[in-house]
Amino acid sequence: MTDASQNAGPMLAADGTPLKQSLARSLRRQKLRALLLVAPLLLFVMFSFIVPIASMLFRSVENGIVENTLPLTVQALSKWDEQSGELPEEDVYDAFVRDMVVAIDNKQHTRLGSRLNYEETGMSSMFRRSGRQLNKLDPETDGPFKDQLIEIHDGWGDPKTWAVIKTHSPAVTNGYFLNAVDMRRTPEGAQSQPEDKQILIKLFGRTLFMSLVITASCILLAYPVSYLLATLPMRVSNLLMILVLLPFWTSLLVRTSAWKVMLQQQGVINDTLVWLGLVADDARLIIINNQIGTIIAMTHILLPFMILPMYSVMQTIPPSYTRAAKSMGATNWTTFWRIYFPQSIPGIGAGSILVFILAIGYYITPEIVGGTKGVFISNRIAYHISSSLNWGLAAALGTILLAVVLLLYWVYDKIVGIDNVKLG
Amino acid sequence: MAALTPISRKPMSVVLPTVALAGAFAGMFVGAGNGSIPLGILGGAVLMTGLAWVFINVLKNEQMARWITILAFGIAGILLSGPMGGVLGLLGGWFFAWFIYWLYEGRYRQKLLPYLTAKQVFYHYLFRVICGAIFVFLITPILVVLPLSFNAQDFFTFTPEMLRLDPEGYSLKHYRDFFTNNEWQRSFKNSLIIAPIATVISVSLGTLAAIGLSQSHVPGRRAIMGILISPMIVPLIISATGMFFFYSDIGRFLEGTLGMNKNFVGYLKVILAHAVLGIPFVIITVTATLVGFDRSLTRAAANMGAGPVRTFFSIQMPLILPGVISGGLFAFITSFDEVVVVLFVGSASQKTLPWQMFTGLREQISPTILAVATILVVLSIGLLATVELLRRRSERLRGLSPA
C-alpha cells in the first residue's frame with residue numbers, strides 16, 4: 001500500500017488533480033465567498049460613512065474658493081511683496097475688477113466675502129458693498145481702477161486687505177487648523193489670535209477636563225455597584241441588573257429631559273431640598289446650565305457603560321483568592337488592595353476608555369443642561385455648522401477630535417481588544 | 001452564603017443608642033420641614049428610644065408593635081403634611097419597626113459569615129447602603145418623569161395638588177396633546193418611517209457580512225471588522241459633520257441632476273445615515289451568535305443535497321435568529337433615538353421624534369415631552385424584556401447543540 005502511493009507521485013484528489021492544488025483552489029474559493037458576502041456591506045459603509053469622514057478631512061484643508069473666484073488677482077498678487085507695506089500696482093486692481101465682475105455675475109463674491117470675514121472682520125461687508133458699485137464698471141474701458149476702487153471703499157487702499165487675500169489664496173490651507181488652536185494665518189506666518197478671540201483651546205481643555213471628571217465619577221460610582229453585582233447570588237444580581245439596564249435602554253432624550261426636570265431651579269431636587277428645609281427658598285442651588293449640571297447628567301447617562309465592562313471583569317475573579325488571602329492573615333484592606341483590586345483593573349481600564357471616548361464627543365446633553373459654561377467642543381462644531389457657517393473650521397475641529405478619539409481607541413484595542421466589545 | 005450563623009439578642013446598651021441615632025437622623029428632616037432642626041433631632045431620638053424600650057421590655061409582641069408603629073407614624077404624617085406626609089409616615093413606621101427588631105434580635109448577622117467582627121458587619125451594611133444610594137441615583141430620573149407626565153399644569157415640577165394626591169392635580173392632557181398635535185404626530189410618523197427601513201437595511205446587509213466574517217478564512221478580517229465597527233466608535237458629532245458635507249453634495253446631485261423629489265431625497269439621506277449607524281450593533285451581536293454555531297450542521301445539510309441558499313434559510317437562519325433580532329432591536333433603537341445626525345443631515349420635513357423633543361427642550365418647554373418620555377420608557381422596558389428573552393433562548397439553543 002505504501003509502495004503504491006509513493007509510486008503514484010503526488011497525492012491526487014477524486015477528480016485527478018493533485019491534492020495540494022485542489023485544496024488551494026477550494027481555499028481560494030472559500031476566501032472569495034467570504035469576501036463576496038462581506039462586500040455589499042463593506043461597499044455600503046465605505047460609501048455612506050468612510051467617504052463622508054474623508055470629505056470632512058478634505059474640507060478642513062480645502063480652500064479653493066479664493067483661487068476659483070479671483071484667479072487673475074491671485075496670479076497678479078504673487079508678484080507683490082506683502083511685507084513692503086505698499087499698495088499693489090495697478091495690474092492687481094485691474095485683475096481684481098475683472099475677477100469681481102465675473103464673480104458678481106455668478107453671485108460668488110458674497111461667499112468669498114464671508115469666507116475672508118472669518119480671517120479679518122469687516123471683509124464680508126466690504127465685498128458686499130463694493131459688489132454693488134463694481135458691477136457698473138466695464139473692465140475694458142473704465143480703467144485705471146486703483147483710485148476708483150479706493151473711492152468705492154477705502155479698505156481697498158489698505159495693504160492689509162490685499163495681504164489677507166494673498167495669504168489665503170492657496171488652494172490647500174492650514175488656516176482652519178490654526179484657527180482651531182486659536183492661531184491664525186498671517187502674512188508673517190502663524191500667529192496667535194488676539195486675547196478676546198482665544199476660546200477654542202480653552203474649550204478643548206474644558207472638554208478634556210470635564211470628560212476626565214465624568215470618567216472619574218463614573219469609576220467611583222460604578223465600582224461598588226459592579227462589585228456588589230458580581231458577588232451577589234445570580235438571582236438577586238439579575239434583578240438588580242435591571243436597574244442598570246433600564247437607564248441604558250431608555251432614550252437619551254428621555255434621560256436628558258429627566259435631568260432637566262430634576263436640576264432646574266424650580267425642579268425636583270431643589271423643591272425637595274426646600275421642602276426638607278435644607279436650602280432656603282431664596283437660595284436655591286444653581287445646578288443647571290453650568291458645568292455641574294453637565295457633569296451630573298452625563299455621569300448618570302454614561303454610568304451603565306462603566307458598570308457593564310467592570311461587572312463582566314469582576315465576575316471572572318475567583319472568590320477563593322480573597323478567602324485565601326484572609327486565611328493567611330491579611331486584613332480586609334490588604335485583601336482588597338493587593339488581591340482584588342489588581343484583578344479588577346482591566347475592567348476599570350475598559351470602562352474608563354469607553355466612557356471617556358463617549359463623553360468627549362457628546363453633544364445633546366451639554367447642549368440642553370450645559371448652558372454656556374458647560375458645553376463641549378462638539379457644541380462648538382455644531383455652532384459652526386448651523387449658525388456661523390464656518391464649515392472649514394468645523395471640519396478642522398472635527399478632525400482634531402477624531403484624531404484624539406482614534407488614538408484612544410487604539411489604546412483601547414491594545415488593552416481590551418476590539419473583539420471583546422460586548423453589548424447588553 | 002450560609003444562613004446558619006446563630007443569632008442572639010443584643011443588649012439594650014447597643015440597641016438603644018443605634019435606634020436613637022437613626023431616629024435623630026430621620027427627625028432632622030421632619031424637623032427641617034416643620035421649622036426647627038434641633039427640635040426634630042431631639043424629638044426623633046427621644047421618640048425612637050422610647051418606642052424601642054417599650055416594644056422590647058413592655059409589649060414583647062413583634063406583630064403588634066409593627067402595626068402600632070406603622071399606623072401611628074402614618075397618622076402623624078397626615079397631621080403634619082397631608083396625604084404625601086401620610087405615605088412617608090407609613091413607610092417610616094414600617095422601617096423603624098423592622099429596624100428595631102432587626103437590631104434587637106441580631107438578625108443582621110443571620111446571613112453573614114459567623115466569624116466577622118462587629119466592624120466588618122458595620123462596613124458590610126455601610127457598603128450596601130452606599131450601593132443602594134447609587135441605584136437610587138440610576139433609577140430616580142426615570143421614575144420622576146412618569147408621575148410628572150400626568151401633571152394637570154404646564155409645569156415641569158410637582159404641584160401642591162399632586163403632592164396632596166388630589167385627583168384634580170392629575171390629567172391626561174399632555175398625552176392628549178401628543179396624540180392630537182400635528183407636529184408631534186408628524187414627527188412620530190417620520191420616526192416610524194425612518195427607523196424600520198434603516199433597520200431592515202442594516203440587518204440584511206449586516207447579517208450577510210457577519211456570516212462572511214465568521215468563515216474560517218477571511219483575508220484582512222481585522223481591518224474589515226475595524227471599518228464596519230467604526231460608525232460606533234467615531235463620536236456622533238463627527239459622523240454628523242462628515243455626513244452633513246457629503247450628503248448635502250449627494251442631495252444636490254440627486255435633486256439637481258437627476259431631478260428627484262426633494263422630500264424623497266431627504267428621507268433617503270436620513271435612512272442611509274441611520275442604517276450605517278446601526279450596522280456595528282448588528283455585526284457585533286450576530287458574530288457573537290455565530291461563534292456558538294455548529295458548522296457541521298451546514299455540512300450535513302450540504303451532504304443531503306441542500307444548496308447554500310436553502311441551507312441558510314432552513315438551517316442557519318432559525319438558529320441565529322435570536323442574535324439577528326436582538327441586533328435588529330439595537331439598530332432600531334439607535335435610529336429611533338438618534339438626534340445629532342438627523343439634525344445635520346435631515347431637513348424640517350424629516351423631523352423625527354427625538355428631534356422634536358430636542359427642540360422642545362431647547363426652545364418652547366412643553367410638558368408634552370414628559371408624556372412622550374413616559375411612552376418611550378414603556379417602549380424601552382418592552383425592548384429590554386424582548387432582548388433578555390432572546391438572549392436566554394439563544395443560550396438555550398446553544399446549550400442544546402453539541403459543542
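A nonpolar core is a set of buried Ala, Val, Leu, Ile, Met, Phe, Trp, Tyr and Cys residues joined through C-beta atoms within 7 Å. The model examined here is predicted.

**Exercise 1.** Determine which residues of the largest nonpolar core touch the most other members.

*Solution.* Step one: the largest nonpolar core holds 160 residues, and those touching the most other members are A:L302, A:V355, B:V340 and B:V341. Step two: the greatest contribution to this core, 15 residues, comes from helix α15 of chain A, residues 291–314. Step three: beyond its neighbours within four places in sequence, A:L302 has contacts with A:I214, A:C218, A:V355, A:L358 and A:A359. Step four: a second, separate core comprises 25 residues, among them A:V74 and A:I165.

**Exercise 2.** State how many residues of chain A and of chain B take part in the contact.

*Solution.* Step one: chain A supplies 77 residues and chain B supplies 78 residues. Step two: on the side of chain A that touches chain B, helix α2 (residues 19–59) gives the most, with 21 residues. Step three: by class, this side of chain A has 55 nonpolar, 17 polar and 5 charged residues.

**Exercise 3.** Describe how chain A is divided into domains, and how domain 2 of chain A meets domain 3 of chain A.

*Solution.* Step one: chain A consists of domain 1 (2–59), domain 2 (64–197) and domain 3 (200–420) in the domain assignment. Step two: the C-alpha centres of domain 2 of chain A and domain 3 of chain A are 48 Å apart. Step three: 7 residues of domain 2 of chain A contact 9 residues of domain 3 of chain A.

How values were computed: Residues numbered from 1 in each chain as written. Chains lettered and ligands numbered in written order. Predicted model: local features only at pLDDT ≥ 70, side-chain atom pairs only at ≥ 80, totals over all residues. Buried ≥ 20, exposed ≤ 12 C-beta atoms within 10 Å, placed from the backbone. Helix = DSSP H or I, 4+ residues; strand = E, 2+ residues; numbered from the N terminus. Contact = placed C-beta atoms within 7 Å. Nonpolar A, V, L, I, M, F, W, Y, C, P; charged D, E, K, R; others polar. Domains from an automatic or database assignment.
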